[in-house]
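These are my notebook entries on a protein structure. I record below what I looked up, one topic at a time.

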Amino acid sequence: MVNKKSIDMCNQHTNSIQAPLVSALLHYKSKKDISFHVPGHKNGAAYSWTAEIKEIFGPILEIDVTEIEGTDNLHQPEGAILEAQRYAARFFGADQTFFLVGGSTAGNQALILSACTNPGDIILVQRNVHKSVIHGLMLAQAKAVFLTPEIDQESGLATIPSITSIQRALERYPNSKGLLLTQPNYYGMVSSTLANIVELCHSHRIPVFVDEAHGAHFGLHGDFPNSALSAGVDGVVQSTHKMLSAMTMGSMLHIQGEYIDRMLLAQRLTMIQSSSPSYPIMASLDITRFMLEAHGESIFAEPLIAAQMLREGIGQLKRFRILSPNLKITEPQMAEERKVDERQEVKLDAQQAGAQNVYSAYDKQDPLKIVICDALGIWSGYELQNRLCEMGCIPEMCDERYVVFALGQGTTTRDADRLLAALEQLSMEETENKANDFFTWNNCLVEEEGFEPVQFSLSVMSDEKTEMIPLEQGVGRKSAEMIIPYPPGIPLLYPQELITEHILKRIMQLRELNATSLGACDPSLKMIKVCKL
């Protein structure tokens with residue numbers, strides 16, 4: 001958190017830039033009033049008995065306030081918070097922006113709850129969505145029509161669904177309440193078809209929502225992909241804490257256009273966000289926008305140099321391969337032949353397709369996401385990540401093949417040098433381990449021709465209707481729990497979903513890799529909870 005002097009100095013040079021919520025909190029701190037209100041730590045006084053603890057928490061606790069005069073109220077903003085949100089909307093290009101203190105989870109769920117207002121409402125949803133979306137469907141008691149994403153043939157990773165798939169779903173369910181997509185994916189992969197998808201949905205009077213958790217920086221530098229807002233998306237959720245500089249849990253929900261009931265959306269946010277939101281988190285959203293506006297593209301100069309260093313350096317190491325777009329896939333505007341095999345790879349007959357459109361399953365890569373794999377196919381992503389952690393370089397995530405490095409405003413060229421040194425050392429090592437060949441991001445296989453809605457609810461199955469069985473016996477049974485590899489937090493199974501041989505194989509591979517899975521009654525994945533026959 002910057003001090004008031006630095007803000008005032010910056011304001012002197014940029015007259016139109018302000019950080020109203022930060023200023024309000026600094027004013028509160030400077031008054032040194034006696035607190036007879038919550039929170040109970042009383043501006044950090046409760047921590048003063050230990051110097052070490054006070055040093056850690058003191059500066060933050062001095063602005064950790066509640067809704068009193070001068071600090072405004074997130075759920076009915078009229079002062080500093082309202083002004084800060086308006087500055088954010090103007091800067092990011094939205095009609096209106098809401099601060100989120102519960103991460104992108106709160107934004108995803110609020111969008112679903114504001115679109116699906118009656119139990120049984122249908123919404124089109126990309127299958128490999130974050131667990132927060134599945135939970136939002138449960139809260140809304142909505143019916144989801146899951147769409148199979150496109151699969152990039154070279155990397156094997158899923159992007160957003162094709163226009164063809166979305167068109168078919170719209171024709172079958174013209175009264176859908178919306179389309180919800182995830183872009184970019186965890187690997188920084190982006191498809192430029194988003195603007196065309198928005199145009200298609202709007203022609204059907206249907207809003208488009210995008211979970212842009214990993215793309216809060218998009219559109220803020222010429223080297224970055226365009227933002228979802230610039231593509232015309234109606235509701236965009238961004239984790240400002242992921243790729244920008246807000247505190248953890250600090251996110252924003254941007255909306256524009258005529259398709260979202262804004263009063264209802266605000267009411268839904270009051271339902272799922274705390275009535276005692278964190279002021280330090282909200283202030284970090286305000287100061288993040290302030291710094292971006294004050295410094296412009298220059299704020300990304302060093303991390304982009306670091307990213308280029310990594311790409312060039314890793315490119316010299318034959319042991320590792322870097323993920324990048326492949327622009328060799330062809331498809332007609334309304335291709336008919338599109339199938340998904342057991343390995344989740346899309347097979348396209350280019351001769352039948354006739355090359356009316358030329359595009360990749362994705363055509364842009366976030367330069368701040370460096371994604372690598374063992375080109376020899378020996379190390380799994382888990383093994384490579386473990387070795388890097390032992391060397392003091394902590395990746396963002398890994399899967400069965402890839403390791404993902406997330407660079408940000410605080411990344412330096414020294415950081416890049418250290419990572420390169422670690423990778424150079426690892427490139428000399430040999431191992432007999434063998435990488436697996438599936439991805440926790442690709443939890444997306446759907447019988448696309450059927451487009452059958454899946455009903456979600458908060459109903460709890462009683463113990464009398466469920467049982468625990470050995471995982472190996474699960475094929476053909478319906479799951480009674482969620483299996484969520486984490487990260488990236490995309491459910492491999494949701495309640496009532498049929499366990500196929502394909503899914504069983506994936507869960508068994510997760511077990512062999514000792515991967516972390518949330519939601520499972522048996523974390524070891526030896527047993528699985530299913531519905532009784």
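**Entry 1: His135.** I looked up His135 and found a relative accessible area of 28%, so His135 is partly exposed (buried means under 20% relative accessible area, exposed over 50%, partly exposed in between, with a 1.4 Å probe and protein chains only). His135 has its place in helix α6; helices are DSSP runs of H or I with at least four residues, strands are runs of E with at least two, and both are numbered from the N terminus. Leaving out residues up to four places away in sequence, I noted that His135 touches Gln109 and Met482, where contact means heavy atoms within 4.5 Å. From His135 to Asn108 I read 9.4 Å, C-alpha to C-alpha, at 27 residues apart in sequence.

**Entry 2: the model.** I note that this is a predicted model, in which local features need pLDDT of at least 70 and side-chain atom pairs count only at pLDDT 80 or more, while totals for chains, interfaces and linings use all residues. Residues are numbered from 1 along each chain as its sequence is written, and side-chain values use heavy atoms, with hydrogens and water left out.

**Entry 3: Asn128.** I found Asn128 in the loop between β2 (122-126) and α6 (131-140). Its relative accessibility is 0%, so Asn128 counts as buried. The side chains of Asn128 and Gln126 make a polar contact of 2.8 Å (a pair of N or O atoms within 3.5 Å; within protein, one must be able to donate a hydrogen and the other to accept it, and residues adjacent in sequence count only if both atoms are side-chain atoms).

**Entry 4: Ser239.** I located Ser239 in the loop between β7 (235-238) and α9 (240-243). Ser239 counts as buried because its relative accessibility is 0%. Its side chain joins that of Ser104 in a polar contact of 2.6 Å. Beyond the neighbours within four places in sequence, the residues in contact with Ser239 include Glu212, Ala216 and Gly250.

**Entry 5: helices α7 and α8.** Which residues of α7 meet α8? I listed Ile163, Ile166, Gln167 and Leu170 in α7, facing Asn196, Ile197, Leu200 and Cys201 in α8.

**Entry 6: the whole protein.** I recorded 16 helices and 22 strands. Of the 533 residues, 56% count as buried. Among contacts with a separation of 6 or more, 75% are between residues 24 or more positions apart.
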